[in-house]
Amino acid sequence: MNGSDEEKESTVRQVVERLAGRFPDADRGRIAGIVSEEYDALDSGRIRAFIPTLVEKGAKTRLRHEFAPEATSP
């Protein structure tokens, strides 16, 4: 892992808080798992400034597919 554990925990916690409000039917543990997976997928990048934004975007997309499938239909 390139980032510090504190950095990851802080980012995950902040993103989970925002997404929990947006996806109230989703279990917080599920949200946290998805956010952690998204973080880990991006953690090897050299440019770290955008990680929180990219993590939230990726997690939001996954949660939208899982908890609001009708919203993803054309």
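Author: Helices (H or I, at least four residues) and strands (E, at least two) are DSSP runs, numbered from the N terminus. By that definition the chain has three helices and zero strands, and its elements follow the order α-α-α from the N terminus on. The model is a predicted one, in which local features need pLDDT of at least 70 and side-chain atom pairs count only at pLDDT 80 or more, whereas totals for chains, interfaces and linings use all residues. Residues are numbered from 1 along each chain as its sequence is written, and side-chain values use heavy atoms, with hydrogens and water left out.

Two figures describe the chain as a whole. Of its 74 residues, 31% are buried, where buried means under 20% relative accessible area, exposed over 50% and partly exposed in between (1.4 Å probe, protein chains only). Among the contacts with a separation of 6 or more, 61% are between residues 24 or more positions apart; contact here means heavy atoms within 4.5 Å.

The pairing of H1 and H2 may be taken next. Helix H1 covers residues 5-22 and helix H2 residues 28-42; they pack at an angle of about 130 degrees, with their axes 9 Å apart. That angle makes H1 oblique to H2, since angles under 35 degrees count as roughly parallel, over 145 as roughly antiparallel, 65 to 115 as roughly perpendicular and the rest as oblique. The axes are lines fitted to C-alpha atoms, for helices over the stretch in contact, and angles run from 0 to 180 degrees between N-to-C directions. The crossing of H1 and H2 is right-handed; a crossing is so called if the near helix is turned clockwise from the far one by less than a right angle, and left-handed if anticlockwise.

On the H1 side, the residues that meet H2 include Lys8, Val12 and Val15, and their counterparts in H2 include Ile31, Val35 and Asp40. The residues of this contact divide into nine nonpolar, two polar and five charged. For this count, Ala, Val, Leu, Ile, Met, Phe, Trp, Tyr, Cys and Pro are nonpolar, Asp, Glu, Lys and Arg are charged, and the others, Gly among them, are polar. Lys8 of H1 is buried, with a relative accessible area of 17%, and its side chain makes a polar contact of 2.7 Å with that of Asp40. A polar contact is a pair of N or O atoms within 3.5 Å; within protein, one must be able to donate a hydrogen and the other to accept it, and residues adjacent in sequence count only if both atoms are side-chain atoms.

H1 also packs against helix H3 (residues 51-67): their axes come within 10 Å and cross at roughly 35 degrees, and this crossing is right-handed. Thr11, Val15 and Leu19 are among the H1 residues that meet H3, where Ala59 and Leu63 are among the partners.

Glu38, placed in H2, is buried at a relative accessible area of 16%; beyond its neighbours within four places in sequence, Glu38 is in contact with Val55, Gly58, Ala59 and Arg62. Arg62 lies in H3 and is partly exposed, at 28%. Not counting residues up to four places away in sequence, Arg62 touches Ile34, Glu37 and Glu38, and a polar contact of 2.6 Å joins the side chains of Arg62 and Glu37.
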